[in-house]
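Hello,

Here is the structure I promised to hand over. Please have a look at it, and then read on for my notes.

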Amino acid sequence: DRIYAGDPAAAITAARRFESEHPKEPLGYLLEAEARWWQLYCRHSEIRYGMVDVWELPKLPEEKPYLHAAQTAEKLAEDQLEAKKPAALAHLWEGMGYAFEARLYGLRGDKMATARAGVKARTALTKAIELDPRLADADTGRGLYNYYVDTLSPIVKLLRFFLGIPGGSKKEGVRQLREAMEHGKLTAVEARFYLAKNLRTYDHNYAEALQVAEPLLRDYPHNSIFLLLVGNLEIELGNRKQAEETLARIAQLKIPDAACAERSEKMAKELLAPGH
C-alpha cells in the first residue's frame, strides 16, 4: 500500500525491517525491489509520442540496490527449493526476482540479458502455477512475457535461435494479466497498471485502457504516476476538460520524493500544453 500510495521510500523502510526480521525469506527483498522500481519509474518518466512512460534507462546508481534486492530474492528462493520448502511459493519468488531483472534490462536496451532473465522468469512462474493453480500472482509475469514476446516479435525472432526463447500469445497475455489483477494478492496493482499501459502503447485501445486504469485512482488517489496515466488516456479520448481536472490534482499532492514531485508536475503541464 505504501508503494502504490506514492511513498516508496516508506515502503523500502518497511521492507528492510521485514528483511532484518526474516533474513531467509525472499518476500522482503522482492517488496524492496518493487518499491525501488517505482522510485526509478517516477523519477525517469518522460513524454514521447504523446505518452507518459519510462522509455529507456541509462546505467544509474539507483539500479544497484534494486538488482541486489531482486537477485537476493532469487538466491533465497533457490535455497528454499534445495531445502524442500513449499515449492510453489519458492518458484513464485524466484520467478518474480528474474522478472524484476528483465524489467530493468529491457529499459537499458540489453536484449540478451532481458531475454535470459525473461525466460528464467517464465520457467519459474510456470512451475509455480502448475504446482498451485491458485497462485494468480504468477500470471502477472507470465502475462507480460506472453504479451511482449508476441508484440515485440522481430526482437524475439532474432534471439530465439540463440536462446531457445519460447513463443508467446498477446491474447493469452491479456487473459493472464486480467486473472492476476482480479485474483492476485501481491501483484494485482502492477498487473492492472501494465495492462492499461500496454493497451494504450501497443494497441492504442484508449477506451479499454482507461476502463482498466480507473480503479487505480479509486484505490490510490495520491499516486502521481496513476494520475498521469489516466490523464494521458483522457486526452487521447478527447476528454480534455476531465484530463485537466485529473492532472491538476498532481500539483496538490504532497509527494515525499522531491525528484518525483518535480517530474510529475512537469509532465502534467506538458500534457496540457496547447497543441499536445
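Searching the whole structure turns up 2 cavities of 30 Å³ or more. This is a predicted model, in which local features need pLDDT of at least 70 and side-chain atom pairs count only at pLDDT 80 or more, while totals for chains, interfaces and linings use all residues. Residues are numbered from 1 along each chain as its sequence is written, and side-chain values use heavy atoms, with hydrogens and water left out.

A cavity here is a set of points, on a 1 Å grid over the protein atoms alone, where a 1.4 Å probe fits but cannot get out; a lining residue has an atom within 4 Å of a point. Grid points are joined across faces, edges and corners, and a volume is the space filled by probe spheres set on the points.

The largest cavity holds about 70 Å³ of space. Among the residues lining the largest cavity are Tyr41, Phe193, Arg200, Leu228 and Met267. At least two lining residues come from each of α2 (26–44), α9 (188–201), α11 (224–236) and α13 (258–272). Helices are DSSP runs (H or I, at least four residues), numbered from the N terminus. By class, this lining has 8 nonpolar, 2 polar and 2 charged residues (Ala, Val, Leu, Ile, Met, Phe, Trp, Tyr, Cys and Pro count as nonpolar, Asp, Glu, Lys and Arg as charged, and the others, Gly among them, as polar).

The second largest cavity has about 40 Å³ of space. Its lining is made up of Gly6, Asp7, Pro8, Ala9, Gln39, Pro256 and Asp257, which divide into 3 nonpolar, 2 polar and 2 charged.

There is also a pocket to look at (an open set with protein on both sides within 12 Å along at least five of seven lines). The second largest pocket has a volume of about 370 Å³. It is lined by 21 residues, and Asp1, Ile3, Tyr4, Leu31 and Leu186 are the closest to its centre. α2 gives the most to this lining, with 4 residues. The classes in the lining of the second largest pocket are 14 nonpolar, 2 polar and 5 charged.

Now for the helix pairs. Axes are lines fitted to C-alpha atoms, for helices over the stretch in contact, and angles run from 0 to 180 degrees between N-to-C directions. Angles under 35 degrees count as roughly parallel, over 145 as roughly antiparallel, 65 to 115 as roughly perpendicular and the rest as oblique.

The axes of α12 (residues 240–252) and α13 come within 9 Å and cross at roughly 160°, so α12 is roughly antiparallel to α13. The crossing of α12 and α13 is left-handed (the near helix is turned anticlockwise from the far one by less than a right angle). In their contact (heavy atoms within 4.5 Å), residues of α12 including Leu247 and Ile250 meet residues of α13 including Ala268 and Leu271. This contact has 7 nonpolar, 1 polar and 3 charged residues.

How do α2 and α13 cross? Their axes come within 7 Å at an angle of roughly 40°, and α2 and α13 are therefore oblique to each other. Cys42, Arg43 and His44 of α2 make the contact with Ala259, Cys260, Arg263 and Ser264 of α13.
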